[in-house]
Amino acid sequence: MASRVSKWPFVQQHGAAVIALGRVDATYPELLPSEQPLTDGTVRARTREILAGRNLARLAMTALGQEPREVLTAENGSPKWPDGLCGSISHSSHFAVAALAPLTELESIGIDIDDGRPLESSLGDVVTANELSALQVRWPTATRDVLGRIAFSAKEAIYKCQAPVTGNVGLGFLDIELAVDGSGHLVAMPTTAGELAHHRMRVIMLQIQGVNLLLALLPRTRLGK
Ligand SMILES: CC(C)(COP(=O)(O)OP(=O)(O)OC[C@H]1O[C@@H](n2cnc3c(N)ncnc32)[C@H](O)[C@@H]1OP(=O)(O)O)[C@@H](O)C(=O)NCCC(=O)NCCS
């Protein structure tokens with residue numbers, strides 16, 4: 001059953017990935033019985049997020065030609081995807097989004113909604129002057145505030161993208177440097193050694209129905225491996 005809000009949700013293909021965006025306050029089918037414990041003890045707003053995220057993930061599975069299946073949660077909070085798929089979920093107060101792709105195409109994927117909240121004094125904890133300069137080249141008319149938000153959201157997407165592959169839960173915002181490659185693509189370069197050093201993630205900014213989304217993609221070919 002689709003959401004009752006007209007025109008929503010939106011399902012869009014982006015390369016190998018399918019992105020399903022919906023409102024959190026829409027009417028969705030119930031969670032699958034195995035997922036229902038995920039909402040135990042949660043407040044109403046969180047229950048809605050979980051319901052929206054799982055249903056949007058199933059819409060994306062269907063769009064990928066897969067059976068819609070359960071999405072449970074691992075101990076570190078990351079979603080547990082059905083065999084053969086990688087994926088990621090994000091919510092803001094109004095929207096939820098799920099991005100999924102076949103593991104034959106991508107090793108991992110991460111998504112984040114840029115909810116428009118300014119970073120203010122925490123800007124320097126999230127992004128360096130070098131990164132702001134690189135982003136300014138990519139988005140020449142954007143203000144420093146907007147660039148800071150793009151960097152923040154890109155790094156949240158990167159965190160979600162790398163976590164299932166590296167198991168790295170302690171990755172800090174400055175452990176990743178955002179750069180623009182020779183083709184004008186936004187890429188994430190690890191500033192530290194370790195498992196992540198073998199990976200180069202691409203980051204794409206998308207706008208669907210006015211909602212800004214940052215999508216991090218880890219291709220199947222790893223640098224140095
Ligand atoms: C986990 C984290 C990325 C979630 O981001 P958020 O902006 O708070 O929340 P969002 O709504 O965008 O995303 C929530 C979803 O993230 C996913 N998530 C949670 N923990 C995760 C993890 N360890 N790995 C991958 N995905 C995770 C879940 O799917 C969750 O939704 P669900 O619980 O309904 O399934 C964030 O809280 C966090 O801990 N960040 C660590 C610091 C960081 O980002 N560093 C950047 C390093 S480059």
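1. Helix α4 makes the biggest contribution to the shell around the ligand, giving six residues, where helices are DSSP runs of H or I of at least four residues, strands are E runs of at least two, and both are numbered from the N terminus. Please bear in mind that this is a predicted model, in which local features need pLDDT of at least 70 and side-chain atom pairs count only at pLDDT 80 or more, while totals for chains, interfaces and linings use all residues. Residues are numbered from 1 along each chain as its sequence is written.

2. In total 24 residues surround the ligand, and the closest are Gly-77, Ser-78, Ile-89, Ser-90 and Ala-163, a residue being near if its C-beta atom, placed from the backbone, lies within 6 Å of the molecule. Two or more residues come from each of α1 (44–63), β5 and α4.

3. Both domain 1 (10–110) and domain 2 (112–209) give at least three residues to the shell around the ligand, with the domain bounds taken from an automatic or database domain assignment. The centres of the two domains, taken over C-alpha atoms, are 22 Å apart, and their contact takes 18 residues from domain 1 and 16 residues from domain 2, counting residues whose C-beta atoms, placed from the backbone, lie within 7 Å.

4. Returning to α4, 17 of its 23 residues are buried, meaning that 20 or more other C-beta atoms lie within 10 Å of the residue's own, all placed from the backbone. After α4 comes Gly-167, with a positive phi near 70 degrees.

Notes: Contact = placed C-beta atoms within 7 Å. Buried ≥ 20, exposed ≤ 12 C-beta atoms within 10 Å, placed from the backbone.
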